[in-house]
Amino acid sequence: MHAGSQSTRLEDFYRYLWPAEPAADPLEALLDVADAAGRGDLLMRAAADCGLARGMRVLDVGCGWAKCPCRLAAELDCEVDALDILEHNLAQAREYVEEKGLVGRVTLHLASMEKLPFEAAAFDFIWCTDMLSHVAALETALAECFRVLKPGGRMLLYCAQATDLLEPREARRVAEPMGAIPETLSRRRQEGAAQAAGFQIERREVTADAASPYYDPVHPDEAAGVLRLARLLRDRPRLVERFGESRVGLVEAHWLWNVYILIRKLDYCFYFLRKPV
Ligand SMILES: C[S@@+](CC[C@H](N)C(=O)[O-])C[C@H]1O[C@@H](n2cnc3c(N)ncnc32)[C@H](O)[C@@H]1O
């Protein structure tokens with residue numbers, strides 16, 4: 001909402017724009033500040049607050065290259081089962097687990113969140129970070145997590161979520177080339193599926209909210225993505241001719257996702273989910 005008449009706004013704009021060097025403007029100077037805590041540390045801190053403790057039996061759903069489960073095993077002496085749907089990613093994960101000397105303490109599985117190869121109530125804690133957007137059958141997937149968690153156990157969910165600023169067409173454009181599901185980005189859908197599975201939502205935190213204890217500051221490196229996207233959009237036809245539509249569309253979607261996070265069309269959220277006793 002803009003206050004004042006159009007002519008007042010016009011004058012305000014030029015008063016702001018022309019005399020000031022950005023750095024001399026107190027508001028701009030505040031916006032120049034960027035510190036960069038590692039995202040891995042942020043996840044570890046949120047997990048501890050969510051109830052993760054030393055020695056627990058943990059399931060990592062969608063582990064990627066297994067960096068997180070290795071930290072859980074090495075730093076907290078957890079016994080970790082980690083799964084991923086892609087053999088390609090698991091091959092990297094195997095190498096990483098070996099490199100860290102954690103074979104036997106981190107066990108890798110080729111499996112999907114929608115069909116977990118574990119008995120009921122097997123785990124004290126579930127770790128699920130930055131993968132939910134790939135899952136179409138949300139209800140099934142979260143019901144599976146609920147099943148394999150012990151009563152009283154908690155699940156840390158860290159997932160991308162559309163804000164009111166994201167239009168449906170933008171959701172499709174950014175999600176589909178990356179194998180993500182536009183509908184899964186909906187807050188209502190995610191929370192509805194968690195509750196339908198039986199979870200209590202104990203806490204929700206948005207990491208782009210500077211007032212949140214889990215604030216994730218803007219990292220200067222993220223500017224590189226904005227520039228890449230700008231160049232790609234300026235030279236798209238020639239890039240498509242050379243690399244093909246699907247390759248260009250994928251790179252475009254990746255950097256667009258980054259931009260949407262920066263301008264808050266997409267947010268990352270932490271959920272602390274609890275299975276009631
Ligand atoms: C962005 S990576 C995140 C990796 C890791 N969790 C992290 O936080 O660094 C998403 C991972 O989820 C995996 N994935 C996608 N859909 C999945 C599914 N239905 N079940 C299990 N893993 C899945 C992908 O293969 C990929 O390795």
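The following legends describe close-up views of a predicted model.

**View 1. Strand β7 and its burial.** Strand β7 spans residues 266-274, and nine of its nine residues are buried. In a regular strand, side chains alternate between the two faces of the sheet. In β7, both faces are covered. One side carries L266, Y268, F270, F272 and R274, and the other carries D267, C269, Y271 and L273; every one of these residues is buried.

**View 2. The strand partners of β7.** Strand β5, formed by residues 149-162, pairs with β7 in the antiparallel sense over nine bridges. Within this pairing, C159 stands opposite C269 of β7. Strand β6, formed by residues 200-206, also runs antiparallel to β7 and is joined to it by six bridges. Here I201 has L273 of β7 as its bridge partner.

View 3. The ligand sits in the largest pocket. There are 17 residues around the ligand, of which G62, D84, N89, E114 and T129 come nearest. A polar backbone atom of G62 is 2.7 Å from a nitrogen atom of the ligand. For D84, an N or O atom in the side chain is 2.6 Å from an oxygen atom of the ligand. A backbone N or O atom of M113 lies 3.0 Å from a ligand nitrogen atom. On its own the ligand has 610 Å² of accessible area, and the protein covers 81% of this area.

**View 4. The side-chain contact between D81 and H109.** D81 belongs to strand β2, which comprises residues 79-84. The side chains of D81 and H109 are joined by a polar contact of 2.7 Å. D81 has a relative accessible area of 7% and is therefore classed as buried, the cut-off being under 20%.

**View 5. Two alanines with positive phi.** A66 is found in the loop between β1 (57-61) and α4 (67-76). Phi of A66 is near 70°, a positive value in a residue other than glycine. A121 lies in the loop between β3 (106-110) and β4 (123-129). Although A121 is not a glycine, its phi is positive, at about 55°. Are these alanines buried or exposed? A66 is buried, with a relative accessible area of 0%, whereas A121 is partly exposed, with a relative accessible area of 32%.

Definitions and conventions: Residues numbered from 1 in each chain as written. Predicted model: local features only at pLDDT ≥ 70, side-chain atom pairs only at ≥ 80, totals over all residues. Heavy atoms only, no water. Buried < 20%, exposed > 50% of the residue type's maximum accessible area, 1.4 Å probe, protein only. Helix = DSSP H or I, 4+ residues; strand = E, 2+ residues; numbered from the N terminus. Pairing = 2+ DSSP bridges. Near = heavy atom within 4 Å. Polar contact = N/O pair within 3.5 Å; in protein donor to acceptor, adjacent residues only side chain to side chain. Areas by Shrake-Rupley, 256 points an atom, 1.4 Å probe, with all protein chains shown as cover. 1 Å grid on protein atoms, 1.4 Å probe; cavity = no way out; pocket = protein on both sides within 12 Å on 5 of 7 lines; lining within 4 Å. Sits in = over half its atoms within 2 Å of the grid points.
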